[in-house]
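The following questions and answers examine selected features of one structure. Please consult the sequence and the model alongside each reply.

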Amino acid sequence: MRPLSAAIVGGGPGGLYTAALLKRLDPGRRVTVWERNAPDDTFGFGVVLSDETLGGIEHADPVVYAALGADFVRWDDIHIVHRGTRQTSGGHGFAALGRRRLLEILHERCHALGVELRFRAEAPDPATLSRTYGLVVAADGVHSTTREAYRDAFRPTLTNHRCRYIWLAADFAFDAFRFEIAETEHGAMQLHGYPFAADASTVIVEMREEVWRAAGFDELDEAESTARCARIFADALGGRPLRSNTSRSGKSAWTTFRTVVNERWSHGNVVLLGDAAHTAHFSIGSGTKLAVEDALALAACLEEQPTLRAALTAYEEERRPVVASTQRAARASLEWFEEVSRHLDQPPRQFAFNLLTRSRRVTHGNLRLRDAAFTGSVEREFGCPAGTPPMFTPFRLRGLTLRNRVVVSPMDMYSATDGIPGDFHLVHLGARALGGAGLVMTEMVCVSEEGRITPGCAGLYTDAQGEAWRRITDFAHARAPGTAIGVQLGHSGRKGSTRLMWEGMDEPLPEGNWPLSAASPLPYKPGSQTPHELSREELAAIREQFTTAAARAARAGFDLLELHCAHGYLLSGFLSPLTNHRTDAYGGSLDGRLRFPLEVFDAVRAVWPPERPLTVRVSATDWAEGGTSAEEAVAIARAFAAHGADAIDVSTGQVVADERPEFGRSYQTPYADRVRHEAGVPVIAVGAISSWDDVNSLVLAGRTDLCALARPHLYDPHWTLHAAAEQGYEGPGAVWPVPYRAGSRRPVTGRTDAAKPRLTLRGRRQDGEPAPGSDEKPGLEPDKKSDREPDEKPNKKSNEKTCDKSYAKSAVESDV
């Protein structure tokens, strides 16, 4: 049963739009909005809307769409100014208007529809509203009192971040979206600016908390801060002043951004919407976007579902994954600006490209479509030969030159017999070598029988194993010339003596277990075997096992060796404070915890051929409280680099069983980026890098030197060659094996000569005329669907519209 009455707590754009939709869908429904502030009070000055968002509004309410269109300012370019140099990227398609004007339009629409608006009025307590109305929508913002009243039900997590920002305005219009970096004696400060009227622009000034304090902003009042910001960014402003909201609502004070996440979005007949439910940093322009999408989805679910409970469940199921994805992108963008000083020494065009792709939503491929000239200039500055995507540029490690930036990541196959790799390994690794990757890595190869993870793990602790590996490296070198093959050496430590992955990952063997050893006598998880703490004599013996295995690896013909110091295995167990509780010289401080891994590294380096590279894989975070910090990860990388490591393979986690990783696309790459820039060492990035567009983006932005991919290579052994074919690349970075050259073009899969549609009847009225607000353009082809991800800024030519609620999933907006 649909609710016959609705109370909206909060009169921002999300609350007002929800009220208008609910009233429009059911004119008999009683809808009341409570807003504690005056009608024209607002935080911020302008709102940036995309074509997708406008399309959603047009189809949901053409009256609102028409009113918005009359006030839009439109532009296409983004200017990025750094160290006196301006880079411009075009084709982004923005439309903006004043935030107060947006509220006025929504106020007018609500009044026209019969929504009751109560300004300067505190809403009754949530329990009273819940009894009085059929539905209560909490759209009361990041500091939601409704959410706090039912904290035990919603279970919110609120995270404050490290930058201070202030929301200001200038009385002139920027001619583009403008990012500008000011390097002051106190640290880096950044300006985010864009026009929202013919004579006005929003200006946000942001900086790290410690920079803000060092610059004395904590001692200035709002007027003094505003004047100081105008002086710092005088070039961007043309010497003109800035103004705040003081005269209207006093809401321009410095603040820190707060990320809001709730475990649940509804409780009884109370539902969260917009910032009350979730926030995403203003740098990707998502606040009003998400609230509008929430409103569309909530209204649609209330119409579609038979009961209120079913509607609120459907609303949350629909919106939660979209919001989670947006929040991951926003977190990446937020952290990029928090660490902007890390990138200041990049070449100007690479810095601009890095900024534009910071959220990992906008990619190399997106920017090529929008502005091929800008992207091409970045590629040339990077050193890409003509017609060569960044991923197919060579990279040198010591005496080894990799022909491209793709690495087949180490993947345990658990398919060896007595540690000997067999035909499966030959086919598995041989196929990936033929598939075009610059470097193919083995699984973790164990240095001793007791150092295995499972009975199916491969080893290099016998001559027979070494001979078997030689068969595989010979095949790769002979049949896939130009592809390097590397070996990863490791010892399981406390994570050994377990079943094959598909029989029970990390579960002890039902029988035939062997004793485990580790830095400290701590089981991996409840039910796991407790290892014994290694003595100094045992440490020396294990060090010798590593050197013996490394020497065998050299004789077996491997081109590169990686020391596995990640994922909770033996050497990683020494590095993490969660797994190393020793009180001797091999524990305690980071220097102590590094001691044994460095001793092993030095011993391996001594026997490994000097012209061949030696890399180290580390877990840059344990994803658990009290574990390895990002600062320690950089220190660990520096230590290995000082001892001769040629690159650091930056992974994360798998150190403790109760970890809480923040999964998402390319989710580990920020750690590689930090290690690369702060430790000054080449890095290999891993972690849900799934497309060649990701590889191009990460490499060109300077966040990594190489990209290691695992699952994509299980799905497609020829992933790299197919990436070349799909980009139209034919060159030395991706050479097809001679027998496979006939397959180097994508096969035709269906007819391509069919007549294209010339007219769509979608949305016609019974009299045959286009329905109001439909997207029909008689005599024209329908608009093509964009391949953009949900929060990317669209090309101005893209204005796809639809007649259903899909805009709740794809609407795009920026309110930076």
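Two strands are taken to pair if DSSP finds at least two bridges between them. The model discussed here is predicted.

Q: How many bridges join β5 to β6, and which residue in β6 does H79 stand opposite?
A: Strand β5 covers residues 78–82 and runs antiparallel to β6. Pairing requires at least two bridges, and five bridges join these strands. Within this pairing, the residue in β6 that stands opposite H79 is T88.

Q: Which strands stand at the edges of the open sheet?
A: The open sheet has seven strands with mixed pairing, in the order β6-β5-β11-β12-β13-β10-β14. A strand with a single partner has one side left without a neighbour in the sheet, so the edges are held by β6 (85–89) and β14 (255–262).

Q: What angle does the direction of α9 make with that of β10?
A: From one strand of the sheet to the next, the twist averages 25°. Helix α9 (residues 222–232) packs on this sheet and touches β10 (156–170), β11 (177–184), β12 (187–197) and β13 (200–208). The angle between the directions of α9 and β10 is about 75°.

Q: Which residue caps the N-terminal end of α9?
A: The buried residues of α9 are E222, S225, T226, R228, C229 and A230. Their cover includes β10, β13 and α10 (234–237). At the N-terminal end of the helix, a side-chain oxygen lies 3.2 Å from the backbone nitrogen of A223, and the capping residue that supplies this oxygen is D221.

Q: Is R120 buried or exposed?
A: R120 lies in the loop between β8 (116–119) and α5 (126–132). Its phi is positive, about 50°, although R120 is not a glycine. The cut-off for exposed is over 50% relative accessible area; R120 has 62%, and is therefore exposed.

Q: What is the relative accessible area of R398?
A: R398 is placed in the loop between β17 (395–397) and β18 (400–402). Its phi is near 50°, a positive value in a residue other than glycine. R398 is partly exposed, with a relative accessible area of 34%.

Q: Which residue just after α23 takes a positive phi?
A: Helix α23 (residues 669–679) has as its buried residues T669, A672, D673, R674, V675 and A679. The elements that cover them include α22 (630–642), β26 (647–651), β27 (683–685) and α24 (692–700). Just after this helix, a positive phi of about 65° is taken by G680.

Conventions
Residues numbered from 1 in each chain as written. Predicted model: local features only at pLDDT ≥ 70, side-chain atom pairs only at ≥ 80, totals over all residues. Heavy atoms only, no water. Helix = DSSP H or I, 4+ residues; strand = E, 2+ residues; numbered from the N terminus. Axes fitted to C-alpha atoms, helices over the stretch in contact; angles between N-to-C directions. Contact = heavy atoms within 4.5 Å. Buried < 20%, exposed > 50% of the residue type's maximum accessible area, 1.4 Å probe, protein only. Polar contact = N/O pair within 3.5 Å; in protein donor to acceptor, adjacent residues only side chain to side chain.
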